[in-house]
Amino acid sequence: MDVFFEQPIYKLIGEVADGMGVETYAVGGVVRDYFLQRPCSDIDVVCVGSGIALAEEVAKRIGPHTEVHVYRNFGTAQIHYTADGTEWELEFVGARRESYSHDSRKPIVEDGTLEDDQNRRDFTINAMAVCLNAGRFGELVDPFGGIRDLNDGILRTPLEPSITFSDDPLRMMRAVRFASQLDFTIEERCFQAICNNAERLKIISQERITSELNKILLSPRPSVGLKLLQKSGLMPIFFPEFSRLKGVETIDGRSHKDNFYHTLEVVDNVAEKSNDLWLRWAALLHDIGKPATKRYDEKQGWTFHGHEAKGAQMVKRIFKRMRLPLDAKMKYVEKLVLLHLRPIVISEDVVTDSAVRRLLFEAGDDIDDLMLLCEADITSKKEEKKERFRKNYQLVRQKLVELEEKDRIRNFQPPVSGIDIMETFGLKPCHEIGVIKDAIKDAILDGVIPNEREAAWKMMLEMGEKLGLKQV
């Protein structure tokens, strides 16, 4: 091992462990990431003894104000601290063996050896250990050929895959996540075991499933994981709405595109441009309303009229079931799903100032993300068609910039407020106030009057006169 394991924290842990007379190893992700040459500051430490006791002694050596978070029910302890600009997260546990009951992923835990601990790991690439004791410092313990599988880009379980996945079904989601993050292949027997045990995912909490799905969405090419979720049978269990996008129907020799694979392409296109999780969720859900709105018309062929509105309505239900935040992040996804066709409609027609103003008004600060999503939605196999769409979008983007500079429409509030109208005409809250406000807003968006108080005030007085209101 080179300078990576020469960093002071590894030496310190080894010295404390030697003083306590316990075998101690860095295991799992930190070892895997070392060989993958990926940075890692999360260290899992296994000792053949008490992980909590080791953590407490290590904390004393780090410094007097170093806190240890102890989880006695799990026999683990955590230390968070910063050194030389690096935030370290250390987790300590005693080596253990595990056994499972059929209806729970929570194991029965007993003290064990390093071999027992490696046996219980999910994949061979996560079962490698590096000794931290001085006499064997840097020695790799790799009983299942994790190095070989890393080099081959293969995900395998240390033990029989059916038992591994049945014992802890979350490992099936983790297999797909690692395949997506690392662009690895799941070994054939392992993948078949996932297919055979897919129903077992139902005993896993939604929060844990969603956490893995989010990591898949944040991987460099999310389609890798999303395809595996569908092929394995996991997707229909926890995300049936998305699974229903798959398939092509043909009537009178006329077919529609497979919206599942189209969506995967859109998500990958967005992933090339943005690391934002919620923009990727918007891409994932942008066509989610299509199965519910699919119709066949003898003249038009297949139609999905209103799928954007239907999809936006589905967002909250999906977020709620997935245990995703029901706050501004959800509203953002709803908005992008609802508006994702608007730039297309504008670009295919004459690009009028009025239409672009309304788009800018409704999208607000999310206009750039909306345009990115719409450009990612161009998945035609015909290069001429794709190029035409790109040029049209460039025209829309140019108009957006021009009108924003000229009219300041983004997130605008009409220059005349409801209070202004009430005080001018001596009104209490009533229908007429809304009529006047909407008329002024529409006049600004349509370019009839400028976005200025003087012009809006004049129109307010004119509208009030038409409605029979008297100034006070």
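Biologist: Among contacts in the chain between residues at least 6 apart in sequence, how many join residues at least 24 apart?

Modeller: This is a predicted model, and in it 66% of those contacts join residues at least 24 apart.

Biologist: What secondary structure does the chain have, and how spread out is the chain?

Modeller: DSSP runs give 24 helices and 15 strands. The radius of gyration is 29 Å, well over the 23 Å from the globule rule for 472 residues, so the chain is more spread out than a compact globule. Along the principal axes, the C-alpha trace spans about 90 × 65 × 40 Å.

Biologist: How should I read the nonpolar cores?

Modeller: Start with the general idea: in soluble globular proteins, nonpolar side chains tend to be buried together. Here the largest nonpolar core has 112 residues, and F238, F239 and W281 have the most contacts inside it.

Biologist: Take W281, then. Which residues is W281 in contact with, leaving aside its neighbours within four places in sequence?

Modeller: L213, N214, L217, F239, F319, L324 and V333.

Biologist: In which sense do β3 and β4 pair, parallel or antiparallel?

Modeller: Antiparallel, over 4 bridges, with β4 covering residues 76–83. Y71 has T76 in β4 as its bridge partner.

Biologist: Last one: how many disulfides does a search of the whole structure find?

Modeller: The search finds 0. To see why, check the sulfur distances against the 2.5 Å cut-off for a disulfide. The closest cysteine sulfur to that of C40 is in C131, 18 Å away, which is too far for a bond. For C131, the closest is in C47, and 12 Å is again too far.

Biologist: Are those two cysteines, C40 and C131, buried or exposed?

Modeller: Both are buried: C40 has a relative accessible area of 17%, and C131 has 0%.

Terms used: Residues are numbered from 1 along each chain as its sequence is written. This is a predicted model: local features need pLDDT of at least 70, side-chain atom pairs count only at pLDDT 80 or more; totals for chains, interfaces and linings use all residues. Side-chain values use heavy atoms; hydrogens and water are left out. A nonpolar core is a set of buried Ala, Val, Leu, Ile, Met, Phe, Trp, Tyr and Cys residues joined through side-chain atoms within 4.5 Å. Buried means under 20% relative accessible area, exposed over 50%, partly exposed in between (1.4 Å probe, protein chains only). Contact means heavy atoms within 4.5 Å. Helices (H or I, at least four residues) and strands (E, at least two) are DSSP runs, numbered from the N terminus. The radius of gyration is taken over C-alpha atoms; the globule rule is 2.2 Å times the number of residues to the power 0.38. Two strands pair if DSSP finds at least two bridges between them.
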